[in-house]
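Hi,

Here is the structure I promised to send over. Have a look at it first, and my notes follow below.

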Amino acid sequence: MVSLYTNQPAFFADIADELRLFLAMEEIVPAEACGASCADAVSVVLEEDGGLWRARAEVRLCGQRAVSTYERPAVTGDALAEKRCRKRAVKIAAFRAMRAATGLELPWGSLTGIRPTRLLRELIAREGAVEAMRMMREEFDVSEEKLSLAAEIVGVQMPILHGQRKEDVDVYIGIPFCASRCLYCSFASAVRTEKTDMASYLAALERDIAHGAEIVRDTGHTVRSMYLGGGTPTVLTAEELRRLLDFALSAYGGFGVELTVEAGRPDTITQEKLNVLRAAGAGRVSINPQSMNERTLRLIGRSHTPEEIKTAFHMAREAGFASINMDVIAGLPGETVDDMRHTLDEIVRLAPDNLTVHTLALKRSSRLVERLGEYPLPEADVAEAMVTTGAEAAHALGMRPYYMYRQKYMRGNLENVGYALPGKECVYNIDMMEDTTSIMAHGAGAMTKCIYDAERRVERIPNPKDIATYIAKIDRLAEEKRRLYEIR
Ligand code: SF4
C-alpha cells in the first residue's frame, strides 16, 4: 500500500495513475486514510511563486527517497488551459520523482490519460512541429523510439482526418456475446448458450438503431462509417446477421465509406455468414488469432485451433474481403519471444491487410487477474521484444502504423498499435481512437460520443452493460442522445 498526499485533490486520480505506471496493481490510498501506517508514501504539492508554478514531488519507496521539482510559468485567464497546465505540472513532478526512486525508464514517459498521437497532433497545431517534438521529448519524457512511432502515425492519419466533414458521424453496433470467455477478457461480454434470449436483445438493438438513425437525420448529420463490433458479432446466425445489417442499413440509408465487422473468433465464422456480410457491403473484417500456438489458445480459453484461423482467413478471401485485419497479443501467459515469432511467421504467410499488435493488459475484472499466481506472465522486457517482433512483421508485410492506444496495467507500459497497408486503414478506428468524430453507438455497453469541435470537448453517454437494464432503458437513452446531438 502506498499513501498519496497532494494539495491538489482534484488531481488525486491523475497523480495516482502516474504512480501506477511504476507500481502496477499496488493500492494507492489518500494519506489521510493511511496515517503513519504506510512506510511507502508520495507527496505532491503545487505552489505559486512570483508568476511561476512550482510542483514538488517527494517519494519514499522501499527505503529509497527521491525528490523532483517542475516549474513553469503560471497560466491565467483561460480556465480550461489553467486546469490542464496545473494537472500536467503535478503529474510531471510525480513521474520524475518516481522514476528517480525506482530507476525505471518508461518509454511513454509521464503520458497517461491521453492518447499520445492526439496530444502530438494538438501540439503540432498549436506550437508547430519542432516545438511539439521538443515538448514530447523534454516535458513528457517520451523516448525517441516512441516519439517517432507517434509522429509516423500522425502523418498517416492526416489525409484521413482531413477528409472529415463537420456533420460526419460514425455508427457503432455492439454484440456483447462470445463463444467462450477469454482468460484476459474484461469486457461485459456474455457467452451465448442455448438459453440466451438473443431475440429480445436483437429486438431492443433494432429499436435503439431506429432511434439513433432518426436523431442523426433530424440533426443534419451523415454517416461516415459503420462498425459492427463486440464481443463477437459472428456468434449471431447468418439469418440474424442478415436481418440486423438490413435493418441498420435501411435505417441509416447506408454505411458511408466503410463497413467493418469484427468477426473475431474463427470458431464462429462460416462461409454463409461471410457471404451475408459481403452482400451487405462489408469490405473489412477482423479475424483474430491472438496467438497461433495451440497450447496458448487452450490456456487462454479460446475454443479454436490455429488451423481454424487459417481456414477462416481463406474463407474470408474467397468471400471477397479485400481488407482483413488480424489481432495478436504480446505477453500472453507462458509465451516466449519465439512463440510470438511463430505466430507472426504464420500471419505473414497469410498476408492480411491490417495487423493489430496488442500488449496484454491486466484488467481487474478478468479471470487472469483473479488467478494471477497460476499463470506465468512474460517479463516486461520480453513483452517489449514481442512488440518489436510485431512491428517487424508489419513492416515485412509493407504496412505502416496508423493508430495506437494505451491502456492501464499494460505489460511494460507499452501500447496497442494498428498497422495497415497504405490505403487499407480503418477509418472508424482512427476516428474513434482520436476522438475526432461523433459516434452514435448501439448495443449494451456501447458508448455514444459527441464531439464539440470549438471547445475540443467530448461528451459521452454509455449504454448500460447489463443486458436487461439496457433493454429497459432504450427509450430514455434515445432522449439523452437527442439532447446531446441537438446542442452540437
Ligand atoms: S473474444 Fe473478446 S470480448 Fe469475447 S471473451 Fe474474448 S476478449 Fe472478451
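Strand β1, residues 2-6, runs parallel to β2, and three bridges join the two. Please keep in mind that this is a predicted model.

Those two strands belong to an open sheet of five, ordered β2-β1-β3-β4-β5, with mixed pairing. At the edges stand β2 (28-30) and β5 (64-73); each has a single partner strand, so one side of each is left without a neighbour in the sheet. On average, neighbouring strands are turned by 20 degrees against each other, direction ignored. Helix α1 (residues 12-23) packs on this sheet and touches β1, β2 and β3 (40-49). The direction of α1 makes about 145 degrees with that of β1.

Now for the domains. The protein is divided into domain 1 (1-102), domain 2 (105-156) and domain 3 (161-478). The centres of domain 2 and domain 3, taken over C-alpha atoms, are separated by 26 Å. Between them, ten residues of domain 2 are in contact with twelve of domain 3. On the domain 2 side, α4 (116-127) and α6 (144-162) each supply at least two residues, and α6 gives the most, with four. That side of domain 2 divides into six nonpolar, one polar and three charged residues.

Around it are C178, R181, C182, C185, F187, S189, G230, G231, T232, G264 and R265. By type, this shell divides into four nonpolar, five polar and two charged residues.

Best wishes

Definitions and conventions. Residues are numbered from 1 along each chain as its sequence is written. This is a predicted model: local features need pLDDT of at least 70, side-chain atom pairs count only at pLDDT 80 or more; totals for chains, interfaces and linings use all residues. A residue is near a molecule or strand if its C-beta atom, placed from the backbone, lies within 6 Å of it. Ala, Val, Leu, Ile, Met, Phe, Trp, Tyr, Cys and Pro count as nonpolar, Asp, Glu, Lys and Arg as charged, and the others, Gly among them, as polar. Two strands pair if DSSP finds at least two bridges between them. Axes are lines fitted to C-alpha atoms, for helices over the stretch in contact, and angles run from 0 to 180 degrees between N-to-C directions. Two residues are in contact if their C-beta atoms, placed from the backbone, lie within 7 Å. Domain bounds come from an automatic or database domain assignment.
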